[in-house]
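Hi,

Here is the structure I promised to pass on.

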Amino acid sequence: MLQFPLVVTTQVDVVLVLVSLLAFWTRLSRLSSPNAVVFDEVYYGQFVSLYMKRVFFIDDSGPPLGHMIMALGAYLGGFDGNFVWNRIGAEYPSSLSVWSLRLLPAVCGALCVPLVYLLTLELKFSHLSALGASVLLLLENSLIVQSRFMLLESLLIFFVLVAFLSYLKFHNQPNSCFRFCWLLLSGGSCAAAVGVKYMGVFSYLLLVGVASLHTWNLIGDRTISHLSVCVQCVCRAVCVLVVPVLLYVFWFYLHLTLLHRSGPHDQLMSSAFQASLEGGLSRITQGQPLDVSYGSQVTLRSSASQPIPCWLHSHKANYPIRYENGRGSSHQQQVTCYPFKDVNNWWIIKDAGRQQLVVSSPPRPVRHGDVIQLVHGMTSRFLNSHDVAAPMSPHSQEVSGYIDFNVSMAAQNLWRVDISNREAESESWKTILSEVRLVHVNTSAVLKLSGVSLPDWGFRQLEVVAEKQSKAHSLVWTVEEHRYGTSQEQKEREAELHSPTHIDVDRKISFWAKFLELQWKMLTVKQEDSEHKYSSSPLEWITMETNIAYWLHSSTNAQIHLIGNPVSWGVAHISLLAYQLLAAIYLLRRRRGLKDLPDGVWAQFVCLGYVCVGGWLVNFVPFLLMEKTLFLYHYLPALCYLHLLSPALLEHTHTQLLSRSTHRRALGLCVCVGLVCVYLSYRTFCPLTYGTPELSANQLQALKWRDSWDILYRRR
Amino acid sequence: MTQSTTTRDTSTLRNRRTGPTSSREALQALEDSQAAGLSPEDDTQSSNGTSHHLSAGGHVSRDPQSGGVVLMLVAGLSFATRLYRITEPPHVCWDETHFGKMGSYYINRTFFFDVHPPLGKMLIGLAGYMTGYDGSFPFAKPGDKYEHHNYWGMRGLCAVLGSFLPIFAYLIVLNLSRSYTAALITATLVICDTGCITISQYILLDPILLFFIMAAVLSMVNFSLQRFRPFTSSWWLWLILTGVNLAGALGVKFVGLFVVLLVGLNTVWDLWRLLGDLSLSLVEITKHFLARIVGLILVPLFLYVTIFAVHFVVLNKSGPGDGFYSSAFQSRLIGNNLHNASMPEYLAYGSIITVKNLRIAGGYLHSHWHLYPEGVGARQQQVTAYLHKDYNNVWLVHRPDNNASQPGTADLVRHGDIIRLEHKETTRNLHGHLHEAPLTKKHFQVTGYGINGTGDTNDLWQVEVCGGRKGDLVKVLRSKVRFLHRATGCVLYSSGKTLPKWGWEQVEVTCSPYLKETPSSQWNIEDHVNPKWPNISLSVLKPHFLEILLESHIVMIRGNSGLKPKDNEMNSKPWHWPIDYQGLRFSGVNDTEYRVYLLGNPVVWWMNLASLGLYPIMVAVASIALQRGFSLGQKRKEHSLVLQREGGLLLLGWLLHYAPFYTMGRVLYFHHYFPAMLFSSMLTGITFDVLLKSTDLLLRPPYSDWLRRLGLLVLLLSVLYSFYLFHPLSYGMTGPLAHEPGSAMAGQKWMDSWEF
């Protein structure tokens, strides 16, 4: 029965709304200026373009969710992916909606402000503290800069804050029926945070830590029945551990579903992976015969992607009789690995017992353990190895195309096929799918790409050797192109090799295989450690020793820098120190049985420490141990935790430590002065945050508060 | 069901019983406090004050007589296994080439540089000296025959120290868990481990390091057993011994820091416990605190410094390590060209000089016939900083104009003068320009440019004496000099970063636009040859001992972090170690040679691995049971507590000695795992012991006992048998390699990655 009048009562926290509006205003106003590529937009932009074109790529810097969110913004704004991201400062064309590219990160950045407000409330501090925290975040120049462009940090911070907020909501409402929804949301946001940047893992681990501590207390609570404890533990484990993992995989599922065309990063992946992409390799390999048989013509690709992917190759040139360092060689035909498609990459698989080089009918497939010979298609030399030191890696055996010089050096050209993934695939040699090791029968050495390039006499191609007893990945080969040979005569065969291969069939590998391969490649692809002009070391972040110039107008002095608000930066670190001191004193006194704080307040104080100081620690300390190139923006998540901490600590001081009203009033005054200072320094650095108005060289000079800051002046 | 009720009955009975305090009673009180669900900060009734006079040793169930016999057995076996065939092979094995050589340096008193602190090598040198080795063997490379040289003393010292490891492990586990079974399992594992045997038998630092680590842990454990009678003589003894052994461990290798950390954490925990004991007054707690500061910080620090003092006193002759140190340091060494140096006092035009950076381990300004590679600034000749003395470090001082060779104008260089530095070997000028430096991108590149001293205006540098005024003379050795680039205003700077392979792993030299005065931008003139000026004897200020100490530490740390893995070299990864993935060839490769291969006994190591997996599960189960307040029997509670506390300590030890290697950038070897392996073996002892004692969860009493004994027997016999199988790895093999049928190790190459 519907009852009238239908009344809806809502309570609106006006302060919260106001702060949110301000946040949106600071983050979203004039979003499309500067109308040029700013800093790392040049990096992420290319991925957005590739999403628009559905072209596959690998980005080793992080998982794909953040890229996909930015791509979503671009998609909604109608970006077609046709822009060359080659240089910071390049102007965007008028057809491109810059606003839409930058919108989602900016919105997330703006939402962080109300989130911090709510989070402080969930930590059981007052609305005034909540206001303080959100104002600190609101007026933090570095966060504003980082949110206003197509960058990932604001997304990361947003998801981390959502995760903690919803977890605390879950924890603070023991009897609500929605509480597991909050926990689920928390797990989901953790997955999103990790999906945006690997750095999210640190916050996720902290959350798992806090959750397991609470669960441990739950286990110790003997007023609850065993059954209920079990159910709760399982629910928590599902929400906090299982759901995030599944979601994380889901991001990759989306990523791989979206990107189905082949592109520039194909070569890093295995042949099977490449064949699953549209265009590229699949165009060549479609419809090839699956079973490698005697008489098959094949190209053999090394599965090592270091230094670059390449194919087993030979050509009409011999090893020099003497190398530069005086060692001798067999002077037989060179066998190398060549990173480009070439007719000299074709080899024919020959049965050692028979003469013919064509496929019989029916074809006789090669199986694991068979002994074969490999004949080079163009020169008809046999793949050979012997106890002669290889040119660049003298501890390994040389591999050559055998030439009989009549110097009592017999041919040793028998190779045993060793299919290393025969359990997963099959006993017989399959195109693309089988990973094969070629074991030299006479010496039991294995054909291997050494990874060193040959000098000029070898045309700078990569060295191939045979090595005994090593288990590296670099000695597995796969058949990539394949067809059944039909021509017995050498001349015909050469013509045949020159003609392209193709017939049509579809071949798929499972999503899990693709996911695992992609994830593994992303984690292991080596980043070049090069020092960037604006890179910095973690210890410099605390004192904000360096800044990062994001953009400089092409003709004027207008510029954007990543510089934090120095006043709030200082306040944050002082409060961090103060909390640690205070916590140490409290702990020692409690241990001696002197309880300064009532239990409720103590629990609140400890919880503040777990979230804020813990959050700062896990987002800062790991960087001290990392060897990659680091930038100031890596510190922003840690900084957000500190901005949460300062107002809460002030409130603690106000209510617990100061008893006299004069002291309290003095503290209030200090806080007011501090806030004014924060605002003033925010105003001062605004020109460097928004890029307008343009400042004169003298004004810029005045903004250079630290000698080590790099502010650019244009010479006129 | 019946069992659980009886247990509860006995436990209530015990609670009601009153009588003389015993340690069991104390334990019970602890458990009760846990059972009541109190957080540890509230458990103040635990009996650790002076009021209780207990002997924890009384808890051991069997009589001390048989304990002594077992200990003697362990000692005998471990000495026998370690000392057996100690002189085989009679040639230099693996790193003996380094540490044997360094032992000889001590005997010859020549100065050298090594990345490890000196105690281990001093002991080796001492052992050699005592047993009649005269320090004349060159230890040039592995495989060199010792011939008539007396090397058994040095190996013997290592083997004797290594023989203490099983004994210490036995005692540690016994004192921790108060269980002979656990101790016996541990001792068997360590005795039968071929890896421990091999690493103890040669002239290496590892047996010495392991000895001190284990001794420190043992003293720590014994010290905590004394906690019921603080400030007695045995309490002091073990405290001081802990400190002494810590100093020893740290004095051998910096890996000793991990055991320092372990002891430190344990001590903090101990103090925290004492602080929570409200029966102790603050004065007493302060006494405890101060005692630990003295025993665990001051004593080790003093000993550690003493080790270095001895090191510097003993090594007083110039040797191969000179170039790593500052000019002042070198002047101490007899035979060095700076010892009682005699050279022209003031820098003059036309002089031949070497220039040394003032940063510690800064190196000499260096250039050589190699260009910067493409893509790294301009393709001109490299200028680097080099730590060794070399003819390529020599430079000529010229006037800016090219007529420096004017006769008779051998003028002195003054503060503010413009000079040109010409590299003597390649006749190129020191040159700077506005290209990015190779590594420090904010700085400018420095190159060698021009030919026969002809260059351009970018070759001009202004000399400034730090703290000097215009016109001041430049004192050789004593003045701190800066070189300001005339054209760009930057200052010659050594960044301390190691160049990649193209730069021969020498140190980068740049021109820094930041003019801050740091040692990196300050240089001094070290060698100075100028025939036109008289040589004057210079007594360089002798450095203070603490300065030498600091300097040698920084040099060692730099050296350590400079040990980067080479590109093509097979590199051992930390995850290889616990699974015994790959060993190290100590001696011999071919089938004709005498081969020794450092590899852990796979049965022992895989058992350790299994227990590392088993332990967390058992602890989790035990902790949940305790936290949830299930009624466990008295014995089971005891086992749970042993797992939690003592097992936790050993796990922490394992973690501390293993996990940090994952973050290290330096080149790693298999033998780095041995300290962690000992902790892991002790943990295995405790884990398997508790596991065997928990057989009564499965079967009823008489059968469970049989199962327990059977399990123990199988465990010990399998370890012994595996030792029999793998002993040739340590004691040497000849004949065909393992993959051939005729070999002694045929069929035992269980993993393809093993290379014997």
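Below is what turned up, by topic.

A word on conventions: this is a predicted model, where local features need pLDDT of at least 70, side-chain atom pairs count only at pLDDT 80 or more, and totals for chains, interfaces and linings use all residues. Residues are numbered from 1 along each chain as its sequence is written, chains are lettered from A and ligands numbered from 1 in the order in which they are written, and side-chain values use heavy atoms, with hydrogens and water left out.

Chain A overall

Chain A has 20 helices and 14 strands; these are DSSP runs (helices H or I, at least four residues; strands E, at least two), numbered from the N terminus. Its C-alpha trace spans about 105 × 80 × 65 Å along the principal axes. Of the 716 residues in chain A, 54% are buried, where buried means under 20% relative accessible area, exposed over 50% and partly exposed in between (1.4 Å probe, protein chains only). If you take the contacts (heavy atoms within 4.5 Å) in chain A between residues at least 6 apart in sequence, 74% join residues at least 24 apart.

Cysteines

How many disulfides does the structure hold over all chains? There are two, counting a disulfide as a pair of cysteine sulfur atoms within 2.5 Å.

One joins Cys310(A) to Cys337(A), with S to S at 2.1 Å. The torsion about that S-S bond is about 95°, so this disulfide is right-handed. It ties together distant parts of the chain: Cys310(A) lies in the loop between strands E1 (296–302) and E2 (311–318) of chain A, and Cys337(A) lies in strand E3 (residues 333–338), 27 residues apart. Cys310(A) and Cys337(A) are both buried.

In chain B, Cys490(B) is bonded to Cys511(B), S to S 1.9 Å. Here the S-S torsion is about 100°, so the disulfide is right-handed.

Cys190(A) is in no disulfide, and the nearest cysteine sulfur, that of Cys239(A), is 11 Å away. Cys190(A) counts as buried because its relative accessibility is 4%. As for Cys672(A), the closest cysteine sulfur, in Cys670(A), is 9.2 Å off, too far for a bond. Cys672(A) is partly exposed, at 46% relative accessible area.

Helix H16 (residues 566–591) of chain A and helix H11 (residues 256–276) of chain B have axes that come within 8 Å and cross at roughly 55°. Axes are lines fitted to C-alpha atoms, for helices over the stretch in contact, with angles from 0 to 180 degrees between N-to-C directions. H16(A) and H11(B) are therefore oblique to each other (under 35 degrees is roughly parallel, over 145 roughly antiparallel, 65 to 115 roughly perpendicular, and the rest oblique). On the H16(A) side the contact is made by Leu587(A), Leu588(A) and Arg591(A), and on the H11(B) side by Trp272(B), Arg273(B), Leu275(B) and Gly276(B).

Helix H4 of chain B

H4(B) is mostly covered, with 10 of its 13 residues buried, including Phe99(B), Met102(B) and Ile107(B). Its buried residues pack against helices H5 (119–130), H6 (152–177) and H12 (282–314) of chain B. After H4(B) comes Arg109(B), with a positive phi near 60°.

Cheers
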